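I began with the charged side chains and then turned to helix packing.

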Amino acid sequence: MPASGKSTLGVLLAKEFGRNFIDTDILLQNQAGRTLPAIIAETGMEGFLDMEAELVSSLDVQQTVVATGGSVVLRPKAMEILKTLGLVIYLDASFAEIQERVGNLQSRGVILQPGKTLKDSFDERTPLYQKYADITYFCTGGIQDNLRQIVSDLTAEPQ
């Protein structure tokens, strides 16, 4: 979900493991030459989702931590491609935390179907995030606590 910590934890994980980092929201903005809200305003929700899926589908990355936009999960083709690129991690935060962190939905570029709320989006996306995740982390603590847990799990010897 938006504000779950994808970009923040992504950068920290990339540093921890000496990997590259890509934030697909920033990459999409750079390619389009516009902000996410401007892209959404010009292309509509479906157009934005198609652009996002096309961008993800074109990624050719190795040794890279990728933080995607939260709406990418709405395009199965994009999620299938992400799963071929590596481990898909779902940062599961409660709705209350997401709501507190997200701020202004429009200026943040959050995709909501007309007449739907952030809660509606949360309820729609949660089962999809769970479906595609290789690993789920319940992000209830601070960023450093979440980072330590993920790093510990990713570096642990298999049993």
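With which residue does R75 form a salt bridge? I found that R75 pairs with D50, the closest N and O atoms being 2.9 Å apart. I took a salt bridge to be a side-chain nitrogen of Lys or Arg within 4 Å of a carboxyl oxygen of Asp or Glu.

I note that this is a predicted model, in which local features need pLDDT of at least 70 and side-chain atom pairs count only at pLDDT 80 or more, while totals for chains, interfaces and linings use all residues. Residues are numbered from 1 along each chain as its sequence is written, and side-chain values use heavy atoms, with hydrogens and water left out.

**Entry 1: R75 and D50.** I located R75 in the loop between β2 (64-67) and α4 (76-85), and D50 in helix α3 (residues 36-57); the two are 25 residues apart, and the pair links distant parts of the chain. Helices (H or I, at least four residues) and strands (E, at least two) are DSSP runs, numbered from the N terminus. R75 counts as buried at 19% relative accessibility, whereas D50 is partly exposed at 43%. For these classes I used under 20% relative accessible area for buried, over 50% for exposed and the range in between for partly exposed (1.4 Å probe, protein chains only). I also recorded that E46, D50 and R75 are linked in a network of salt bridges.

**Entry 2: other salt bridges.** My search of the whole structure gave seven salt bridges. One of them joins the side chains of E42 and R34, at 2.8 Å from N to O. E42 is exposed, at 54% relative accessible area, and R34 is partly exposed, at 27%. Another joins K119 and D123, with 2.8 Å from N to O. Both residues lie in helix α7, four residues apart, about one turn of the helix.

**Entry 3: α5 and α7.** I looked up how α5 (residues 95-102) meets α7 (residues 118-132): their axes come within 11 Å and cross at roughly 130°. Axes are lines fitted to C-alpha atoms, for helices over the stretch in contact, with angles from 0 to 180 degrees between N-to-C directions. In the contact (heavy atoms within 4.5 Å), α5 contributes F95, I98, Q99 and V102, and α7 contributes L118, K119 and F122.
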